[in-house]
Amino acid sequence: MKSFVVNTLAVAALSVSCMSVQAEEVQDSRSLYFALTGGFTFGGDEFVQSGTLDGVDELEAGGLVNLGVGAYWKSKSQPLAAQVTLNYHFDYADENDVEATFDRMPVEAVLYYTGVDKWRFGAGVRYVASPELTAEYKSNKFTADLDSNIGFVAEAGYFLSSTVILNFRAVAEKYDVESLNVNGSHLDIPSSAYKKDISGNHVGVNLVALF
């Protein structure tokens, strides 16, 4: 899995480099751009603390890799911009004979102030769709479906070039367990056994390429 993450980021970095060179060669006066994002996130509750994955203490509700595509718009007359992205956010752990993944599909909409030279400052919302925790131990498969939720995003971004932005992010969000399944069968566990308000709060850094 680590090699997959490294390869993914290497491809993203190469794409960003190529697009940056092209941007310097061509004067672009557009207001609407295609956006490609990718980066790391850190934070959130460890799922072992929720009692769902005993022995897996590296899987975090706010980790680890976030990749996205979307659109970026900037005003020609006002110091304003907006970005909407569809993302794939996931964390992975493999230890004590357990392989576990927490993945989700967040949709983000962020409004930015661009009145400071080479900077943008933004705030917005993040709807997390289809959050799911899966784990496999030998021939057993465990699945926990978590509730979809709305969180909040704050960003500070520095323009490395006119089309490449380095973002520093903070996200506030939480989850509740909706259902549990073992080997495809629903597991009837009292709601009192679930951890409520699993914190997915996290910070992160990513690159945004516009083209």
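This is a predicted model: local features need pLDDT of at least 70, side-chain atom pairs count only at pLDDT 80 or more; totals for chains, interfaces and linings use all residues.
Close-up 1. Salt bridges with shared partners join Arg 169 and Glu 155 to Glu 108, Arg 120, Arg 126 and Glu 173 in one network.

**Close-up 2. Arg 126 and its two glutamate partners, Glu 108 and Glu 173.** Arg 126 has 0% relative accessibility and counts as buried. A salt bridge joins Arg 126 to Glu 108, with the closest N and O atoms 2.7 Å apart. This pair also links distant parts of the chain. Glu 108 belongs to strand β4 (residues 98-113), and Arg 126 to strand β5 (residues 119-137). They are 18 residues apart. Glu 108 is buried as well. Glu 173 forms a salt bridge with Arg 126 too, the closest N and O atoms being 2.9 Å apart. Glu 173 lies in the loop between β8 (164-172) and β9 (174-175), and Arg 126 in strand β5, so this bridge ties together parts that are 47 residues apart in sequence. Glu 173 counts as buried, at 4% relative accessibility. The whole structure holds 6 salt bridges.

**Close-up 3. Gln 83 and Arg 120 in side-chain contact.** Gln 83 is placed in strand β3. It counts as buried because its relative accessibility is 6%. The Gln 83 side chain makes a polar contact of 3.4 Å with the side chain of Arg 120. Arg 120 is one of the residues in the salt-bridge network.

**Close-up 4. A negative surface patch that includes Asp 94.** The patch is formed by Asp 94, Asp 97, Glu 99 and Glu 136. Asp 94 is found in strand β3, residues 80-95. With a relative accessible area of 49%, Asp 94 is partly exposed. Gln 83, also placed in strand β3, is buried.

**Close-up 5. Leu 210 and Gly 70, 140 residues apart in sequence.** Their C-alpha atoms are 9.6 Å apart in space. Leu 210 lies in strand β13, residues 202-210. Its relative accessible area is 3%, so Leu 210 is buried.

Terms used: Residues are numbered from 1 along each chain as its sequence is written. Side-chain values use heavy atoms; hydrogens and water are left out. Patches are made of residues with over 30% relative accessible area and no salt bridge: like charges are joined within 9 Å, nonpolar side chains (Val, Leu, Ile, Met, Phe, Trp, Tyr) within 5 Å. Accessible areas come from the Shrake-Rupley method with a 1.4 Å probe; for residues, only the protein chains shown count as cover. A salt bridge is a side-chain nitrogen of Lys or Arg within 4 Å of a carboxyl oxygen of Asp or Glu. Lys and Arg count as positive and Asp and Glu as negative; His and the chain ends are not counted. The place of a charge is taken as NZ of Lys, CZ of Arg, CG of Asp or CD of Glu. Helices (H or I, at least four residues) and strands (E, at least two) are DSSP runs, numbered from the N terminus. Buried means under 20% relative accessible area, exposed over 50%, partly exposed in between (1.4 Å probe, protein chains only). A polar contact is a pair of N or O atoms within 3.5 Å; within protein, one must be able to donate a hydrogen and the other to accept it, and residues adjacent in sequence count only if both atoms are side-chain atoms.
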